[in-house]
Amino acid sequence: MLAYIVRRLLISIPVVIVASMVLFGFVSSSTDPTARFRLSRDPTLVERERERLGLNDPLVVQYKNWAGDFVKGEWGQSYISRRAVSTEIWRALKNTVQLIVWSVLLCMIVAILVGVYSAVRQYSALDYTFTTMSFVGLSIPTFFFALLAIHFLTTELRTWLGWDDPLFYSVGMHSADDKSVLDFFRHAALPILTLSVQLVAGWSRYQRSAMLDVMGADYIRTARAKGVPRRKVVFKHALRNALIPLTTVMAVDVGALFGGLIVTEYIFAWPGMGRLFVDAIVQGDTAVVLPWMIITATFIIGFNLLADVLYGVLDPRIRH
Amino acid sequence: MADELETDFDIDALPAAVQPPGAVLSVRNLRVDFKTDDGIVKAVDDVSYDVFENEVLGIVGESGSGKTVSSLAILGLLPKTAEVSGQVIFRGRDLVGLNERALRTVRGNKISMVFQDALAALNPVFTVGHQIAEAIDVHRDLSRKELAAEVQDLLGIVGISNPKARADQYPHEYSGGMRQRAMIAMALANRPDVLIADEPTTALDVTIQAQVLEVFERVQAQTNSAILLITHDLGVVAGMADRVMVMYAGRQSEIGTVDEIFYEPRHPYTLSLLASLPRLDRGDRRDRLYRIKGQPPSLIRVPPGCPFNPRCPMAQTPDPCATEVPPLYSVSGGTEHRSACHFREQLAGVTVEQLRARVRA
Amino acid sequence: MVFRDDDPEREAAGSGVVTSEALLEMVEDDLGGEVLEDIDPTIADVADVADGKPLSQWRLFRRRFLRHRLAVAALIVLSILLLSALFAPLITKHDPIAQDLTNLRQPPNGEHWFGTDNLGRDLFARVVYAGRISLKIGFLVSLLSTLIGMIVGSIAGYVGRWVESLLMRITDLFLIIPGLAVLIVANNNFRGKRIFGFDLGTDTLAILILSLLLWTTMARVVRGVVLSLKEKEFVEAARASGASTARIIVRHILPNCIGPIVVNTTLVVGIAILLESTLSFLGFGVQPPEVSWGYLVNDARGTAGTRYAYLIYFPGAAISLTLLAVNFLGDGLRDAFDPTSKH
């Protein structure tokens with residue numbers, strides 16, 4: 001098992017390197033760190049800045065220099081905040097992880113329950129309801145759902161309750177004067193909900209079809225022929241097998257979330273990775289863009305790796 | 001958990017049903033229908049037979065002849081879309097229509113099954129030992145240690161060497177023949193009265209087939225279980241079975257002892273099957289294999305009259321073969337030899353060679 | 001999945017309900033009385049329980065699709081949306097950009113079905129006209145990315161060797177880049193610039209960039225099908241008879257992967273519309289005078305929590321309805337092409 005993990009890990013290293021090259025090429029060709037000096041009255045300023053940043057070197061040399069610095073942890077400095085980019089990303093990452101952890105936990109539980117129920121009671125009224133809901137969930141754009149949530153769960157709900165403060169806040173992560181856990185969840189509830197809609201919809205449909213596949217398998221009939229009670233057939237024999245594909249899909253999806261909650265964080269002003277990225281683009285803070293992309297890609301690759309490893313852990317046929 | 005052990009359900013408390021003396025399992029007028037979008041599929045149509053203690057009853061037929069469906073119906077293992085009617089009498093009690101809870105006390109305990117493709121029929125994520133132990137654990141209250149010992153015993157019985165180590169392996173680590181042995185061990189776990197084996201050797205190499213059949217013979221000698229052997233392989237039946245039932249299009253064509261079926265067949269379908277068997281002892285290349293014309297009928301639209309009549313080399317159509325459904329007549333001369341053919345008596349003495357010759361002419 | 005309709009026997013059999021008797025008669029007629037030749041003699045797997053009705057593939061497909069009522073409804077909804085976008089001037093008499101400062105932020109009423117926005121523009125007209133852009137982007141991206149994906153996928157699958165490795169590594173790369181972020185950077189960078197001397201509108205730019213991001217799934221799908229088909233007998237036969245590689249791909253392989261291609265093309269329409277609307281919502285997509293549904297939602301986002309929130313509802317609902325229809329349609333097509341899938 002350890003050898004399997006190590007082998008997978010080693011395969012990932014060249015992938016990260018190639019990805020960093022591609023992203024470096026892409027970002028250097030589509031962003032211009034000197035753009036903000038264009039309006040300067042000093043005509044030599046842009047040229048001096050290009051020289052200082054090494055932008056006149058061949059791309060290969062630029063990559064080599066950049067990669068050397070990046071590995072050492074020198075990711076440059078934000079043009080706007082003047083803080084180290086690594087500090088900015090680290091801070092944003094912590095906030096993003098909090099959102100991801102909570103919504104993934106929530107979605108995992110709901111998706112598995114819904115998926116199992118829908119498969120076991122296929123074509124029941126509730127199965128149809130879940131199926132329709134998941135289709136709707138997959139079809140509502142994140143930004144639309146977020147705005148609806150703000151409208152109904154913040155404003156309308158406050159009016160209905162007759163409170164001064166809304167039950168759920170729609171901006172930021174903490175109130176200025178309140179750092180309690182309760183306050184955190186009053187801020188985090190709507191972003192978590194927004195993130196969860198698509199995840200639950202996708203995962204529960206996936207789990208349903210995985211369970212249906214498994215429930216039709218010969219070994220389920222064998223278990224029934226042995227006299228194993230139905231509940232145990234479903235939750236032991238079937239679920240244990242159906243979780244194998246779901247787990248890998250979940251791992252891959254969670255990896256993608258690191259670059260995918262741009263919209264949610266932007267709308268709810270959540271100080272995470274997505275917000276950091278949009279702010280950087282809007283403000284022309286190109287120093288943040290490349291490290292941001294590298295880190296996000298690394299998470300995606302890392303969670304793909306995790307998916308592989310989990311597959312091996314859960315399926316004895318792969319393990320050997 | 002309440003449903004871990006279900007010994008509280010007493011099957012003998014059910015009302016008694018009539019069975020001939022010595023019969024363990026009696027199937028009476030069994031019908032299985034599937035409602036589909038295209039119509040009703042009559043997978044099993046009015047099938048009745050007995051399985052007696054300590055005997056091997058072979059059920060022979062093509063795919064779609066209803067042999068597998070009828071065996072799954074015995075333990076109520078068909079999907080919910082199946083409509084089952086008739087009686088399945090086990091030790092004097094009718095199992096048809098019993099609820100899951102009641103059926104579970106019989107499944108794997110009194111009646112157990114060996115399935116065709118052992119790789120698919122064993123759960124890939126649990127060890128073989130665990131799956132056998134589970135079969136025991138569902139019906140008997142044993143300690144972990146006793147369970148482990150029992151599992152090793154069972155693996156030993158079916159001829160798996162080094163059972164202690166093998167018990168901790170997963171199905172994919174077994175060879176095809178070993179997996180089928182493990183399936184048999186699992187089916188034997190509670191010394192069942194009836195063992196239903198559905199094409200137990202089909203997926204195996206010829207040499208492995210022989211070994212697995214040997215296991216069945218040894219097992220029967222040791223446990224006295226009655227065996228219901230379902231197969232399309234006439235050779236397997238000839239070697240193993242005491243009695244044979246031939247099925248066609250969901251119906252019984254003929255039933256009798258092995259000798260009656262193989263040497264005095266009284267149904268054209270049985271004759272055709274025998275005629276289509278290649279014979280290694282005859283090198284005459286001009287003697288081509290017999291081919292049954294046409295193909296098995298759709299079970300949604302079974303031909304009127306005798307279902308075999310469109311393919312039958314001796315059918316007299318339309319009357320009576322295409323108009324009248326032949327019931328399972330007793331055949332004169334035999335004791336329990338029955339045939340569903342209008343012309344069963346005229347078939348007396350007709351040999352396979354005669355059929356071949358007649359068709360060639 | 002063999003999706004061919006050129007078997008005359010099947011055509012004959014396909015007309016109406018065919019009983020096994022009729023089928024047997026047919027077979028026997030063909031053999032001209034030589035009745036012993038047809039079916040395999042051994043008791044092997046010959047017939048499926050419910051089989052015996054060889055309808056043509058197209059009939060089967062149509063029957064299965066029509067049975068999927070939601071998919072049929074989705075097709076109707078999509079058609080209506082498309083037609084209203086095509087014939088926008090006939091649908092509404094209002095000008096989507098005409099401002100009416102005496103009629104600011106009117107709630108939905110008989111004159112302005114969806115109300116008016118903060119400049120007094122008719123929202124219904126704006127949604128209908130924005131649909132032109134959104135749907136255009138959705139369909140063109142789908143077509144373009146399908147084309148790229150089919151070319152790459154069939155070459156990779158058919159040619160194999162290092163070509164396949166290289167092309168597949170490239171598609172792998174697309175899996176690990178943060179797609180939305182790349183889209184934002186690319187759109188932000190190329191907007192307003194001339195590309196190869198062409199002055200592209202923001203919608204054309206969006207189509208190009210989205211297509212370059214979305215072709216990979218199709219490439220994988222086609223490659224997978226091609227790999228499984230290329231060992232099949234009819235391809236072997238074509239190859240043996242000296243057909244060129246390009247001809248084999250176009251004439252023999254692609255027609256046989258029509259199912260997965262159509263399903264994926266349909267789903268990409270939805271993905272493209274979703275991504276474009278997200279980009280536009282974030283302010284990185286199409287720019288006025290071109291206006292898409294995502295732009296309209298972004299334009300009105302400040303009204304969330306106010307009584308003017310209807311300005312969000314209508315364009316948001318338009319996107320959701322389109323995506324819902326596309327997803328249902330894709331689902332129905334998948335079931336119709338491949339009845340064994342249980343999605």
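Colleague: In which element of chain B is B:Asn29 found?

Modeller: In this predicted model, B:Asn29 belongs to strand S1 of chain B, which covers residues 23–36. The phi of B:Asn29 is near 50°, a positive value in a residue other than glycine.

Colleague: Where does B:Asn224 lie?

Modeller: B:Asn224 is in the loop of chain B between helix H8 (206–223) and strand S8 (226–231). Its phi is positive, about 60°, although B:Asn224 is not a glycine. B:Asn224 is exposed, because 11 other C-beta atoms lie within 10 Å.

Colleague: How should I read the sheet that includes S8 of chain B?

Modeller: Strands of a sheet pair through backbone hydrogen bonds, either parallel or antiparallel. Here, 8 strands of chain B form an open sheet with mixed pairing, in the order S6-S7-S8-S3-S9-S10-S12-S11. Strand S6 (111–114) and strand S11 (329–330) of chain B are at the edges; each has a single partner strand, so one side of each lacks a neighbour in the sheet.

Colleague: How many bridges join strand S3 to strand S9 of chain B?

Modeller: There are 4 bridges between strand S3 (residues 56–60) and strand S9 (residues 243–248) of chain B, and these two strands run parallel. B:Gly58 has B:Val244 as its bridge partner in S9(B).

Colleague: Which residues touch the most other members of the largest nonpolar core?

Modeller: In soluble globular proteins, nonpolar side chains tend to be buried together. The largest nonpolar core here has 253 residues, and those touching the most other members are B:Ile132, B:Met183, B:Leu228, B:Leu229 and C:Ala272. Beyond its neighbours within four places in sequence, B:Leu229 is in contact with B:Val56, B:Leu57, B:Gly58, B:Ala197, B:Val237, B:Met240 and B:Ala241. Another core, of 5 residues, lies apart from the largest one and includes B:Leu271, B:Ala275, B:Val352 and B:Leu355.

Colleague: How many residues do chain A and chain C give to their contact?

Modeller: The size of an interface is often given as the accessible area lost when the parts come together. Counted by residues, the contact takes 39 from chain A and 32 from chain C. On the side of chain A that touches chain C, H1(A) gives the most, with 8 residues. That side of chain A comprises 28 nonpolar, 10 polar and 1 charged residues.

Key: Residues numbered from 1 in each chain as written. Chains lettered and ligands numbered in written order. Predicted model: local features only at pLDDT ≥ 70, side-chain atom pairs only at ≥ 80, totals over all residues. Core = buried A, V, L, I, M, F, W, Y, C linked by C-beta atoms within 7 Å. Buried ≥ 20, exposed ≤ 12 C-beta atoms within 10 Å, placed from the backbone. Contact = placed C-beta atoms within 7 Å. Nonpolar A, V, L, I, M, F, W, Y, C, P; charged D, E, K, R; others polar. Pairing = 2+ DSSP bridges.
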